Amino acid sequence: EGEAATFSVDAGLTTGPSYQWQILNGSLWEDIIGENNSSLVIPSVTSAMNGNNYRIIVSSTCGSSVNSGPVTLTVYEKPEILSQPVDTIVCAGAIVKFSIDPGVTTGPVYQWQMSADSGMSWTNVPSAGNYSGSTGPILTIYSVDSVMNGYRFKVLLSGICSPDLESDYATLTVNTSPVITLHPE
C-alpha cells in the first residue's frame, strides 16, 4: 500500500516491437491509455487495486501480435489501529477485556504490554496465569486483583508492511469491595 509496482515484459528478438498494457475490467480487457512501454509502473498502489489483473499486447512490424499471460497485483495493507483500548473501571475479582481494531492490516501480529509504574517501564503481558490473548487483538484478564489498580495496558501492532504501531494506553482502575478492618467495640 502506497509503494510503486512494476510489471515488465521481454519481447526477445521481436522486430520493431510495440506495446499496449491492458487491465481486466470485469470480463473485458481494456487498454490503459498512455501505457505503451515494455514496463507498466504504478507509482502508488492503493487498497482498491488489490487483485487487479494486467496483461500486455506485444506487436511487431510483421503485423502480428501476442498477448502475455495475466499478472495479478497483490496489495498488502500497512498496520493501522481503528479503535484504541479504553480505560476500564471494575471491582476486584472481575474479568477485564482490552481490545483494538487492526482494520485491514495484512498479517497482523500483536504484543500486549503492561506498566505497573505509570508508564515508566513496560513489560510484555504473559500468556499465562490470569492473562489470555496477550498476542491477539483482545487481552483478557481474569480475576483482577486490587494491586493492579492504576496498571496501564497497550499493544504493539506489526504486520507484513511497515511501520509498526503502538496503541494508546488504557488505565485499569480496580475498586475494592467493602471490608471492616476494625469492628465497633
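Residues are numbered from 1 along each chain as its sequence is written. Because the model is predicted, local features need pLDDT of at least 70 and side-chain atom pairs count only at pLDDT 80 or more, while totals for chains, interfaces and linings use all residues, and side-chain values use heavy atoms, with hydrogens and water left out.

**Stop 1**

Select residues 5-8, which form strand β1; strands here are DSSP runs (E, at least two residues), numbered from the N terminus. Ala 5 and Phe 7 make up the covered face of β1, whereas Thr 6 and Ser 8 lie on the uncovered one.

**Stop 2: Ser 115**

Next select Ser 115, which belongs to strand β10 (residues 109-115). Ser 115 has a relative accessible area of 1%, so this residue is buried (under 20% relative accessible area, with a 1.4 Å probe and protein chains only). Its side chain makes a polar contact of 2.8 Å with the side chain of Asp 117, a polar contact being a pair of N or O atoms within 3.5 Å, one able to donate a hydrogen and the other to accept it, where residues adjacent in sequence count only if both atoms are side-chain atoms. A polar atom of the Ser 115 side chain also lies 2.8 Å from the backbone nitrogen of Gly 119. Leaving aside residues up to four places away in sequence, Ser 115 touches Met 120, Ser 121, Trp 122, Gly 150, Tyr 151 and Arg 152, where contact means heavy atoms within 4.5 Å.

**Stop 3: the nonpolar cores**

Now display Phe 98, Ile 141, Val 144, Met 148, Phe 153 and Leu 172, which have the most contacts inside the largest nonpolar core, a set of 21 residues. Such a core consists of buried Ala, Val, Leu, Ile, Met, Phe, Trp, Tyr and Cys residues joined through side-chain atoms within 4.5 Å. Strands β9, β10, β13, β14 and β16 each give two or more residues to this core. A second, separate core of 14 residues includes Phe 7, Ala 11, Trp 21 and Val 58.

**Stop 4: an open sheet**

Finally, select β9 (96-99) and β13 (138-141), which run antiparallel and are joined by four bridges. Val 96 stands opposite Ile 141 here. With β12 (131-132), they form an open sheet in the order β9-β13-β12.

Notes. Buried means under 20% relative accessible area, exposed over 50%, partly exposed in between (1.4 Å probe, protein chains only). Two strands pair if DSSP finds at least two bridges between them.
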